[in-house]
Every structure is written in C-alpha cells, then in structure tokens.
Amino acid sequence: MADLSSYEFRPARAEEMRDFHRLVRYVFADNSTPSADEEAKDPIKPEMTTIALHRGKLVATSGGFPFRMRLNGVEVKADGVTAVGTDPGHRRRGIVRHLITQRLKLAHSEGVPASILWASMGAIYQRFGYGLASSMYSYRFDPRLAAFQFGNESPTGWVARVDREVALPIVEELYDDFHKERNLMLYRPPIVWKEGYLEGKRKFHFAIHYDQGGTPDGYVSYRLREHTNTEDGPNQRFGIHDFIYGDMNSYRGLWHYIRSHDLVKEVHVYVPTDDPALSMLLEPRSLRARWEEGIWMRVVDVQELAFQRNYQASGTASFEILEDAECPWNVGSYCIESNGIEREVTRNAKNVDFRIGINGLASLISGHTSLSGLCTAGRAEVSDAGKLPRLDSFFSCRYKPFCIDDF
C-alpha cells in the first residue's frame, strides 16, 4: 500500500459538507446544482462521514447510514455505506481501502455486525470482503400482454388511488408489516417517509388495496410519465417503487389495477428473484425479466451476525474463516446450533463442515447463494460433499433477499 502519511482521515466538519457533496457529484457524474436548502436537507450528516484531506483539501469521501435491516425475518444493525469517492488525482493510492477499513472498525466498535452498500463496481468492494447478498429482476412490460394464465376472475376487494398525505400513515404500516418477515429489506423511519415521499422531488402516486371488509392489505407506489420512445398509441410509462401485498389476493388486485391504465405502454418494476409473476403469467417472457445485482454485504462480526440471523431448520453447522485482512478478529472457526427458534454460536469449533472466504460467507448468511453454489464457484470448500443437502437446508431462507431502497 502507498504511503498515506500525507493524508488526514477524519469525519467531515459542517463547513466542509458543501465540498463533500461537490466531490461526490463529480465522482458520480451528477451535474445538478442543488440549492443551499436542498444541501441542508441531505440525510448524510458530518458525524456520519469519513473523509481524506491532502494539504487541507478534501480529496476522498465516504459516509454511512445507521440502518436496521431484516435478515431472514430478524432485525440487525447495518452500516449503509454510501458516497464513496476519490478525486482522480489521488486514486490508486489505497485511500478507499483505508476509508472502508476505518468504517468497518468503527462499525465493529459500535456493535454493528454488517456493512451493506450498492456497488458502483463490484470489483472494488469484493477486494474488501463484500459478497453479493441480494439480486433482483427488472420487469419492463406492456401491461396489455401481462395477463395471468389462470385465475383471471376479478380478485375480491378493491383498489383506490389515495392522496399522498392520506396514504402515508396507511402505507407506512403496510410496509412495516410486510418487511418484518422479509430478507434484507430496510426499516424506514418516519423521516424517510416524510422527506422521501411527501417533500422529495419524486412525486409518487399511491394506490391502496382493500380487502372485502375494507381493511388495507397492500399498496403500490408509482410515478407516471410520458414514454418518449412511443410514436403512436399508448405513450405512458408506469414506474413502480413499492409493490407491497399481504396475500395473493391483494397481489392480483394490484396487478389488475396496474393493467387498467390503458394509456401505459411500459410498466417498470424491480422485484425479488422469487416474485410469483413469472409462474403466474400466460406469457412470462412478456415481462422481459432481466437479472440485476442488488446489495453487497460485508460481515463485520462473524459470530454476532451468525447469531442474530434466523435459521429455518434444526441442526448444527460449523465452518472456518482462514483470513480476513480488513477485520482480522473474524479469523477462526465457528459452530452454529439451532432448534429452528433459538440459536447459539460458539468459537473454536472442531472438525468443521466447511471452509469459506469472508465474501462467500456474506452470500451464504444472506441466503443469496447456497453453500453448494459457493462450493461450485470456489468460494467455499466442504469436508464431505454428502453433507451439502443438509447444510443447504440449514442456511436456507423463507424469502429471497431483496432491497429496493437506494442509498
């Protein structure tokens, strides 16, 4: 690693935040010029940052949000890393590695067992121990072609478009109930709903599904705009942010609502890889499903994260981490014991079932990739291949990991 003695690393000060945001916008080719009021409302606060300065000039940035994330239905703390960037004149010197390592040490000292991020380049963060923890499908489809193959009768209940101010407390509660059982979805505090859905630039519409008794049990938040690539006929684009449903009746009801927009040429939505639409449609290829990567996760504290995660099956699993340059406290062997409800994780396990890299462990713990898949990819090595079916079942998740919230 290059000599970093000429650099100062510390949290940004309030008066440095304008330079902080200016550098971040440059790095990510954002040519907007936000007002002073907009910059003041930015959710990244000075105490959440780590920056690098060279001769008094800010040359690299990073930040982190104190998230509460679901991990197979259990809430865990996660450092949501964001705004990582370096001035081109100071790249290839190990500055980002130093910033990330400092953030990992800080998270560990504060009892935060995981770090998550959206990667501008996966190659950057895999070097620091991050593993792919979620993925998704992007659907882009003509709603006229997206009919169900069976059960096309109208679902019970109804859907109503509701003003944002009226919808917000309803959809907050629906989202909260929905996300609790999911995997890698983030808790949204009231400030996120208020600033992101009421006061933000993105003007969302809300359509709420009500069951036969009039109880809200699902919703879709979306934006409508003209589709510039359409020369004639329907010329609107229906861009979905949240598609939240309590059961398959509300799922179908919301799907019917989306398809009722006769002037829409294209619906765009991101869904988890276990979304049911691909198994329900008369012509699944009409969705034009495209796989995309999602959240990358870094295991900050192996023992704590393995303990906090829920396990569906009873049994034991033992494994060893042979190296971890950024978080050396993780090196060692572990044994997880679970009865399907409670679990215990101990160190110094004997006769481990498998050895796994820290990147691979993130993919395994999140439920994104099975141990069998990781062994095939060379990210893990099992002592007895006959144990793989049991170990795959042990680490399985009820829902595939999925996160829609950008940060």
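Colleague: Which residue in the turn of the hairpin formed by strand 3 and strand 4 has a positive phi?
Modeller: This is a predicted model. Strand 3 and strand 4 form a hairpin, with 2 residues between them. In that turn, the residue with a positive phi of about 50 degrees is Asn-72.

Colleague: Which residue of strand 5 stands opposite Asp-79?
Modeller: Strand 4 also pairs with strand 5, residues 114-118, in the parallel sense over 3 bridges. Opposite Asp-79 stands Ser-115.

Colleague: What is the hand of the β-α-β crossover from strand 4 to strand 5?
Modeller: Strand 4 and strand 5 pair in the parallel sense. Between them the chain passes through helix 3, residues 95-109. The crossover is right-handed.

Colleague: Why is strand 4 largely enclosed by the rest of the structure?
Modeller: Buried here means under 20% relative accessible area. Strand 4 has 13 residues, and it is largely enclosed because the number of them that are buried is 10.

Colleague: Which elements do the buried residues of helix 1 pack against?
Modeller: Helix 1 covers residues 17-27, and its buried residues include Met-17, Phe-20 and Val-24. Residues three or four places apart in an α-helix point the same way, because there are 3.6 residues a turn. The buried residues of helix 1 pack against helix 2, strand 2, strand 3 and strand 4.

Conventions. Residues numbered from 1 in each chain as written. Predicted model: local features only at pLDDT ≥ 70, side-chain atom pairs only at ≥ 80, totals over all residues. Heavy atoms only, no water. Buried < 20%, exposed > 50% of the residue type's maximum accessible area, 1.4 Å probe, protein only. Helix = DSSP H or I, 4+ residues; strand = E, 2+ residues; numbered from the N terminus. Contact = heavy atoms within 4.5 Å. Pairing = 2+ DSSP bridges. Right-handed = clockwise from strand over helix to strand, strands pointing away.
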